[in-house]
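Here's a quick briefing to read alongside the model. Have the sequence and coordinates open while you go through it.

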Amino acid sequence: MIGYVLLNIAIMIILLAVLFYMNRKHVSFTKRVFTALGLGILFGLLLQYFYEPNSDAIVQSADWFNIVGSGYVKFLQMIVMPLVFISILSAFTRLKLTSNIGKISFLIIGILIVTTGIAAAIGITAATVFNLEAVQIEQGDAEVSRGDQITESYGTIQEKTMPQQIIELIPANPFLDLTGARPTSTISVVIFAAFLGIAYLGVRRKQPEQAEFFAKIVDTLHSIIMRVVTLILRLTPYGILAIMTKTVATSDLDAILKLGKFVGASYVALLIMFGIHLLLLLAAGLNPVTYVRKAFPVLSFAFTARTSAGALPLNIQTQKQLGVSEGIANFAGSFGLSIGQNGCAGIYPAMLAVMIAPTVGINPLTPSFIATLIIIVAISSFGVAGVGGGATFAAILVLSAMNLPVALAGLLISVEPLIDMGRTALNVSGSMTSGILTSKVTGDLDKEMYSDGSLKAEADM
């Protein structure tokens, strides 16, 4: 058995060496990401063919693959909170953005919330068209255990009113939130940074010398953190290879086949919502094909890594490649981590609510239920963490607000990772779309940069 593990590790090392060779030959970043994704899927399928998903050989090999895959994600998570904080703060210190900061924030948040409401409507429609009901899913030991875990972990949410949940967004201890200790830490850091930024604007009017000194410090920190981001992003192809290999190799194909209708309905809803993003760009006079081509690296990473927060550096970088100013890209990327996640906080909770409602005698197709659900989904999308478990947290918020049993949120545990991949990619797309549309509305979008066929930012990758 050890021999098989060593063989698998050796193959992974060879594939990593191939990506390193491509880098030395100056193959473009996008092509390396494509290659890593393809190699990861192929290697994962081969492991599925020769071993059982839960075999010791797969489990031990995956542990070693995690050094590259999970290690890369941890590096990204390491920089997320500092990046969110300094990105918001630096947006205030840049003169071009401070003149219309309120309008920009309103537009970004408005687009995120509206698209989340649309995503909820699509989720409701998909669940209805595919006739999805919670009673159709057999509850085994894993589902029951997951339900008990959810009830234990998130039971306190049910006891809180909506105003109390909103209060949770306010940072009582910003230094604690900078560690990401709470599910709402990301938006709390955004709020804290915004307060510092507003204070900076006040000081700039009355004490310009001190404000200028502070701005230089912020710009210096921003430059250093962005350099760290660049160093981490260079590891993206290697991380995607390892993550994709592990994901494919350890997926329970039997469970996926049994719950194929639920997986299919979820991805139909996700693809339709992604199409809505493209239609919004088209309505704004922008080429959606260009967007897809340039956004593919970050969307593929979000898909494999299942973390919107970890994708933040690539998110901001991609928006800048699409002609979005750095300030707006910072705002859209940071806000999108904790507000209006189209996949995790929009489609998923809405589909679950429609599936679970019949178990307590509620008709999910009544206009009052649908309208209430869409509104609650939109409101509850504030403060959802862009990390693993964010979708569950969003679902619990919605189910508890609709007085539905939260334990049933564990029904899809066997296919949760597969669905979560698509949800996360859609979250990131929604965030980038909000930044692009906001730039277009404010007249800050660099159309030549958007249409430029070359990805200039790749030079540093």
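Lys216 is exposed, at a relative accessible area of 52%; exposed means over 50%, buried under 20% and partly exposed in between, with a 1.4 Å probe and protein chains only. This is a predicted model, so local features need pLDDT of at least 70 and side-chain atom pairs count only at pLDDT 80 or more, while totals for chains, interfaces and linings use all residues. Residues are numbered from 1 along each chain as its sequence is written, and side-chain values use heavy atoms, with hydrogens and water left out.

**Salt bridges**

- The structure holds two salt bridges, a salt bridge being a side-chain nitrogen of Lys or Arg within 4 Å of a carboxyl oxygen of Asp or Glu.
- Side chains of opposite charge can pair when their charged atoms come close.
- Lys216 pairs with Glu212 through their side chains, at 3.9 Å from N to O.
- Glu212 is partly exposed, with 47% relative accessible area.
- Both Lys216 and Glu212 sit in helix H10 (residues 208–233), four residues apart, or about one turn of the helix; helices are DSSP runs of H or I with at least four residues, numbered from the N terminus.
- Arg423 and Asp420 make a salt bridge too, at 2.7 Å from N to O.
- Helix H20 (residues 416–442) carries both Arg423 and Asp420, three residues apart, about one turn of the helix.
- Arg423 and Asp420 are both buried.

**Nonpolar surface patch**

- Leu42, Leu46, Tyr49 and Phe50 form a nonpolar patch on the surface, with about 500 Å² of accessible area together.
- Patches take residues with over 30% relative accessible area and no salt bridge, joining like charges within 9 Å and nonpolar side chains (Val, Leu, Ile, Met, Phe, Trp, Tyr) within 5 Å.
- The accessible areas come from the Shrake-Rupley method with a 1.4 Å probe, and for residues only the protein chains shown count as cover.
- Tyr49, one of the patch residues, belongs to helix H2 (residues 29–50).
- Tyr49 is exposed, with a relative accessible area of 67%.

**Buried helix residues**

- Ser105 is part of helix H5 (residues 101–129) and counts as buried, at 17% relative accessibility.
- Leaving aside residues up to four places away in sequence, Ser105 touches Phe331 and Phe335; contact means heavy atoms within 4.5 Å.
- Ala378 lies in helix H18 (residues 367–380) and is buried, with a relative accessible area of 13%.
- Ala378 and Gly117 are 261 residues apart along the chain, yet their C-alpha atoms are separated by 5.5 Å.

Definitions and conventions: Helices (H or I, at least four residues) and strands (E, at least two) are DSSP runs, numbered from the N terminus.
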